[in-house]
Amino acid sequence: MSGSRCPNVRSRRARSLATTGLVLAVVAELSSVGLLGLSGWFVSACAVAGASTFSSFSYIAPSGEVRAFAMARIAGNYSKRLVLHAAALRRVATARSDLFDRAAATDRTQSEGLWSGDLLDRSMADADSAGMALIESTAPVAVTAALTVGGALAVAASTAIAPAAVLAAGAVVMAVIAHRRPGAAREAEQNTRKALRAELVTAVDAWTEMASLGAAEQLAARTTARFTRLDRAREAADRRRYRTTLITGLTGAATLTATTATGAGGAPDAAMLVFVALMSLGVLTQAEQLANAAEARATATAAHRRLTTNGPHTASATTVPGIRSWSTEQGIGFADYLLPPMALRPGRVLGATVARGTMLVVTGRSGSGKSTLLRALASSLRQAAEGRDGRPAVVAVAADDYLFTGTLGSNWRLADAALNDDEIDERLAELRLSDSGLTAKTSVGPGGRQLSGGELRRVYLGRALARHPHVLIVDEPTTGLDDRTARHVLGILTNLPDTTVVIALHDVPACLKSSGHVTRLPLDHTSQEAR
Amino acid sequence: MTTHETDETSGPGAVGERPDHDAWLTACAAPGRHWFGLSGTLRTLETLFTITRWGALAWTAQGALDRATAHETWGLAAFAVTSASAVGAGWAAGTLAERGGRAVSTGLRRQLTGALLPTAGRITEAGPAEAAWAVVDLADDVADFHAQVAPLRRSAPLSMLAVLAVTAAVHWPAAIVLVLTTALLPLNMRLAGLFAQHGADRQLAATRHLNAVVLDSFRGMRTLRELGAVGRRGRTLTTAAERLNKATTSVLRRAFLSGMIMDVVITFSIAVNATYIGLSLLNYVHVPHAPRLTLFTGLLVLLVCPMYFAPMRARASAFHQRERALNAAGTIRDIVEDTPAAVARAARPQPTEAVGVSLTQVRFRYGGADHDTIHADADFAPGTWTAITGASGSGKSTLLSLIAGLRLPSAGAVRWQTSLVRLAPTLGGCAWVGQQTVLLDATVRDNIRLGRPDATEQQIRKAVDAAGLNAVIGRLPEGLNTRLGEGGWGVSTGEARRIAIARAFLRGARLWLLDEPTAHLDADSEREVIEALRRVTDGCTVIVATHSFTLAAAADLVLAIDGGLLHDAGLVNAR
């Protein structure tokens, strides 16, 4: 937010970089074609001059021009590549971070449905094609346009209008052919590629279970089917592309012949004929690139569309039940929550208030609706209250939170960037995690796989505590812990002076029964015994 | 380059690892070699057509100079025909190379799939992001390299020879200039090769890192939001992306620089020839014994000159692709190497009888580690529940995977035994429920019957019942036909775990290995999962690695792993 100006400046810089690159590309190719035409003309002119007895042919000036063109071509090519790639890479990086920001900003319920494998493909491959379109599509189109105009003008100036018109017409026809060709084939290929990547991301994790079931072959067969499909889609797309290349190539050859033939009629001498032929050759060779450019454009458009639309929608977008809640200096409260009726319990309307720094314990049997209530409360409080004094209003700890690949320290610092390793070690000790040898430098493995369930639970909790929220909501904080550690963890939660804690438990343990700071909200019974 | 081809059996980390990778990279081209050869032949043909085409153009120009209209017309006709032929040959060469490339990438993908999702034990420890990257992107890197370079191997020398021969036939002093410049070029090629070596590995590492960061960020998005760390993680992502950009830019800058140097040399050589031809045509210079230059010969020499250098230029630019492909091949090889050959299905224990397990002096050491992760000697009686406890990372999961046959022990023997037979573990003989249930992108029904595709509706219903999934399936919009997505989308973690239980139950194995089956679950789901496990494992042997006291307390026998050593933690309660 503070850098709202910064992206503008950056995008303007990126745009000027891209423009510079395009200009350099045009200069480089113009000199390249100029070099070709001029040196052909030069040699022919020498021959013409050598054949005639008296000639006033000056050798010096054209050879100087040839040298100049050669220099411009070499320097232009080098700097064009450098600048265009820098601009394109910058675009790729921007596309990547935009995708992340967009995924982060999507509606909560929706993002559950975003598939990580799918997003991985978008982030890597699609961002790449969208950014590289500058080099593969924009640059060739711009260069071809400039060359066609420049070449036609040069031909017209040196001979007549007719060959110039033929040349321009040929380039336009090639552009039309290239433009009409790219179709659904390339997009089908990208979709199969995405499917393969998504499948692999899942299958590699699923292998252990599947292999034990004897379903490893099936799992491999699924992947094989997907890459076979990719291979076939690629074959179709390639065949199409090469057909376009062939057609544009043949059109180019025909145009070249026609231009030379018409040029031969109007050309004053052999040198001009060679000049016209080579000039149009340069233009048409460049125009042959249009087939690939159109293909890259189609790819980039599809990639761009995928980058800017949201992921597949979840089929089970759980609707959060209605609840009214408030948060003040004195604490929090909620009301009008409709607890649905169940077999052993009639439905009723719930409400409670919790003073600041105290704890609300929601208890109930399996499926009594504890987790739903906690989720509803969390999302409602989040909407009701903004964070104050640099502290977030609510932090909720879920049973299936996520640990990021890296060290425990790096995970902790996601919550509070200012913590150093020693402070994190202290907190680990507080949660009795150091007993099992965990330190801030411990690596957690992909998705936290190196840690046990009970350890994970405490790490999630500790990380959330580091946020120092006004309200902390924890679903079943003691799962996977032995009684002693569970008591210890509950002790930490009851002793948070300025954080209001809401937890769900199966039963209120003895250690909390005596505490004066604890309000109970059982969901199993008819009466509301919030004391 | 091809001399090492048969050297495939030498171990990794041996002396001269790079040439070894070279050989491996070369061997990757095998599936497409046929196509590459054909493509190379056609490329040579394209060169021949192009030479003829220039000849026709020069002939036309000569005709124009001599005011010989017939020559001019014939020349133009020949020019048109040869142009079309060159385009056609180029098209065919490109198509064939592409086809060869596809054969190469498909071959690599097949190998990778075999290593990542093998039917015997899995060796590789590659994570999901790396696996997807290797299969999708790296396989293409290698294939693209071969598609570009392999045809050149045949066409480059032939094309250069053809151009040189034509030049020499037409005007030998020009050919000498070409030959002299060729002597300069190896220096350049060497430079290009040296340039290319640096940075490519850094680029690879940056790409790998970015892939992992991206996948992690999307998977943990909800947690990031909860922690208010979206911005910080975004910056991590940006940093990783910038690191990749920086590495890529440095690689590209080298490539462009060496390309430019090449360009300078080639341009210089062409300029020398052009100047010589111009001056000879003006009759300013004359090399003794050389044939007299005409417009036809002069122009032809000048036009074919760049063609002489084209293959060299392609080779030089391929150095960078080669480095990229070499790195890609290294990563792929790390995954693929040592994959045990697919085994034919061995006889499985009869599902009617519980299976016991005996571990005799079993040791396991990870590749590259300096100590054993596991040292175990134990017997698990048929029909009992055994809990294995131990600190995190103590090797519980590794031990279970050894028992399941997912990994092979470094020493000692794992045996499954019934009253009749005693055999080595076979994949598919036991049921495994792990701490990370992954549901495939398929319907609930297909997910459940993965281990037994021919299961009847009744059997599926029974499994659903046993796993306590009736209520869950009733809630889904299309019941058993509801599609589930990556990571069990649409069902909770606990429900996904129970789907895995139903899946294992349907399979009918009598040995159950449970790796923290209640991890990541809230207490309610944990109870439901344990109830389901109790129901389905009735009369089976169960070995469970757990931290859960609820689970451990229910076991017949509790073993503990400490410092890699498996020992008895005391009989808890006899059944």
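The model is predicted, so to speak plainly about its rules: local features need pLDDT of at least 70, side-chain atom pairs count only at pLDDT 80 or more, and totals for chains, interfaces and linings use all residues. Residues are numbered from 1 along each chain as its sequence is written, chains are lettered from A in the order in which they are written, and side-chain values use heavy atoms, with hydrogens and water left out.

**Where chain A and chain B meet**

- Chain B brings 136 residues to the contact and chain A brings 138, with contact meaning heavy atoms within 4.5 Å.
- Together the two chains bury about 12000 Å², and 65% of that is on carbon and sulfur atoms; buried area is the accessible area (1.4 Å probe) that two parts lose on being put together, summed over both.
- There are seven salt bridges between the chains, each one a side-chain nitrogen of Lys or Arg within 4 Å of a carboxyl oxygen of Asp or Glu.
- One salt bridge joins the side chains of Asp205(A) and Arg219(B), at 3.5 Å from N to O.
- Helix 8 of chain B (residues 230–281) gives the largest share of chain B's side, 24 residues; helices here are DSSP runs of H or I, at least four residues, and strands are runs of E, at least two, numbered from the N terminus.
- That side of chain B splits into 65 nonpolar, 39 polar and 32 charged residues, where Ala, Val, Leu, Ile, Met, Phe, Trp, Tyr, Cys and Pro count as nonpolar, Asp, Glu, Lys and Arg as charged, and the others, Gly among them, as polar.

**The two domains of chain B**

- Chain B is divided into domain 1 (19–338) and domain 2 (356–568), with bounds from an automatic or database domain assignment.
- The domain centres, taken over C-alpha atoms, are 51 Å apart.
- Six residues of domain 1 touch six residues of domain 2, and the two domains of chain B bury about 380 Å² between them, 42% of it on carbon and sulfur atoms.
- Gly121(B), Arg122(B) and Glu125(B) supply 65% of the area that domain 1 buries there, more than any other three residues.
- The salt bridge count between these two domains is zero.

**A stretch of chain B**

- The end C-alpha atoms of residues 156–324 of chain B lie 22 Å apart, and the span is 88% helix and 0% strand.
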